[in-house]
Amino acid sequence: MYQILVADAINAEGLEPLLGLEEAEIIEKKTDDPEVRLEDIDALLVRSATKVTEALLNQMPRLKIIARAGVGVDNIDVPAATKKGIIVINAPDGNTISTAEHTFAMMASLMRNIPQAHSSVKNLEWKRNAFIGTELYGKRLGIVGMGRIGSEIAKRAKVFGMNVNVFDPFLTKERAAKLGVESSTLDELLGGADIITVHTPLTPETKGIINEEALKKTKKGIYLLNCARGGIIDEQDLAKYVANGHVGGVALDVFEAEPPGEHPLLKYDNVIVTPHLGASTKEAQLNVATQVAKEVRSFFEGKPVSSSINLPAISNDVYEKIQPFYQISKQIGHILSQCVKEGVHELSVTYSGSVTDLETTYLTKAMLSGFFKNRIDVNVNEVNALLTAKERGITVGEKISTDAFGYDNCIAVTAKGEESAFTVRGTFIDHYGPRIVYLNGFNIDFLPEGNLLYIQHMDRPGVIGHVGQILGDQGINIATMQVGRKKAGGEAIMVLAFDKPLSEAELTSLEKLDEIVSINPIIL
Ligand SMILES: NC(=O)C1=CN([C@@H]2O[C@H](COP(=O)(O)OP(=O)(O)OC[C@H]3O[C@@H](n4cnc5c(N)ncnc54)[C@H](O)[C@@H]3O)[C@@H](O)[C@H]2O)C=CC1
Ligand SMILES: O=C(O)CCC(=O)C(=O)O
């Protein structure tokens, strides 16, 4: 039974896709609720209130997926989640329109003193001359961060007859032209704008991007808006520039600490505020809840998730194509892990044939997750596979080759240690399935599944019979047996499959045979 903890207020109708998930229990409680058993939780759904820290993650050993019903994931320790192999997803576009509309409403309110005038009338005043506003028409709007929300604001600003300058280092000239905006440097934007609005994520680069140094470059009377994340406009520096009269007005939906408490900016009449309402519309809340609920459901159904922060997204189509190779990659990694008896410092994967048309990085990560399974006590999956390899000093390489050894596709992985190297090759055959076709120098053909025994032996008459005899005498049934050799009378291998793993005593009984060089159980 999967336990899904919904720790923040998430739209109930939007969570409906989760109800169709068999074997799932949905718990709507805070993470610090004494009734919540954090150690049993498989999925955590949050908005911005719950801070998903490393300390919290340490208490949640079963956690597999964190879903943020919204865009910004700055309340989640994504590196800590990644290290633990926990997928982090968000709802990237469900609240774009809401937030763009809120920003626009804030901009209009700010320029026309609507909140101040509203309070005044409610206080039974009628001061028409006290609230002379400024038109948006013809003004220059500077947008810092031209992603989903920034772009929607630009569209609306143009309809209002505003000129739009944008600063976004990741915006291409083509996209700027398509959006009909002028791309500029930050300094040009600061110097030319009448109104500046920020729409970036909060990152080390964007934290304080509008600070005292930037404010100095703006026109006197500048209007500033932050409906993205507290801290993108430095609050202390902003308070200084509001106090000295340089800033004409400010609209804030977000604060460095929420709620802001006794904040120096709150005492100014020309500072208008809302309590982080950008995404607070019925539509946006339904959208984001539905988006993450569908994703969490897909995840537990073993389907791909498309809005992961720490895993490359793959579409259902691509996933269908990649799935067979994904399994065999994992199995190759797991076989290598059990066959190489020393520390490995290099894993190199060579893809050939039709598999090279696919997203092979995903397969390499699957191979790594198979390799690390049982080797380390951390759950290694595609999320933390490369990081885990790096932390353990294992170099991971990927190559493409034209030689598929006569197969339609081939995935070959070589593990190198100080003393040895071991290569496994696998293929996926349509309507037949995954096969291991090469094991450390020997061509062979077996199904990588179940309880296997890999035996290295000398190619002598009777050896296969002796192995069968010894096992038969102990009542052990051999399900399948494949053999491979390089030349008659030389080294050879056999791979046997059993219904259950062999015991230590049963393995030792085989070692007694003179022709046997080594025996190695492989459990897949
Ligand atoms: N107030 C609210 O309720 C809401 C706030 N947000 C905030 O708005 C932010 C933006 O959301 P979206 O537009 O959906 O994200 P997005 O990812 O589509 O856009 C962010 C843009 O910022 C740009 N950017 C990144 N670093 C930059 C830098 N150093 N300088 C200039 N531009 C930079 C990126 O290139 C990207 O184009 C979110 O990260 C979130 O923090 C989002 C939704 C609701
Ligand atoms: O959950 C919310 O209302 C906050 C939305 C937000 O800030 C975001 O999506 O980044």
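**Testing the labels**

Modeller: Start with Gly-72: one of its polar backbone atoms is 2.7 Å from an oxygen atom of ligand 2.

Biologist: Why is this called a polar contact?

Modeller: The term needs a pair of N or O atoms within 3.5 Å. At 2.7 Å, Gly-72 and ligand 2 meet that limit, so the label holds. The model is predicted, so local features need pLDDT of at least 70, side-chain atom pairs count only at pLDDT 80 or more, and totals for chains, interfaces and linings use all residues. Residues are numbered from 1 along each chain as written, chains are lettered from A and ligands numbered from 1 in written order, and side-chain values use heavy atoms, without hydrogens or water.

Biologist: Which side chains have an N or O atom or a polar atom by an oxygen atom of ligand 2?

Modeller: Arg-47, at 2.8 Å, and Asn-95, at 2.9 Å. Taken alone, ligand 2 exposes 300 Å², and the protein buries 92% of that (Shrake-Rupley method, 1.4 Å probe).

Biologist: What makes a residue part of the surroundings of ligand 2?

Modeller: One of its heavy atoms must lie within 4 Å of the ligand. Residues around ligand 2 include Arg-68, Val-71, Arg-229 and Gln-285. By class, the shell has two nonpolar, five polar and three charged residues. Gly counts as polar here, so Gly-70 and Gly-72 go into that class.

Biologist: Which residues are closest to ligand 1?

Modeller: Arg-148, Ile-149, Asp-168, Cys-227 and Asp-253, out of 26 surrounding residues. That shell has 12 nonpolar, nine polar and five charged residues.

Biologist: How do you know that His-276 makes a polar contact with ligand 1?

Modeller: An N or O atom in its side chain is 3.3 Å from an oxygen atom of ligand 1. Asp-168 has a side-chain N or O atom 2.6 Å from a ligand 1 oxygen. A polar backbone atom of Cys-227 is 3.0 Å from a ligand 1 nitrogen. Alone, ligand 1 exposes 860 Å², and the protein buries 87% of that.

Biologist: How does the radius of gyration of the protein stand against a compact globule?

Modeller: A compact globule of 524 residues would have a radius near 24 Å, but the protein has 31 Å. The radius is taken over C-alpha atoms, and the globule rule is 2.2 Å times the number of residues to the power 0.38. Those C-alpha atoms fill a box of roughly 110 × 50 × 40 Å along the principal axes.

Note on methods
A polar contact is a pair of N or O atoms within 3.5 Å; within protein, one must be able to donate a hydrogen and the other to accept it, and residues adjacent in sequence count only if both atoms are side-chain atoms.
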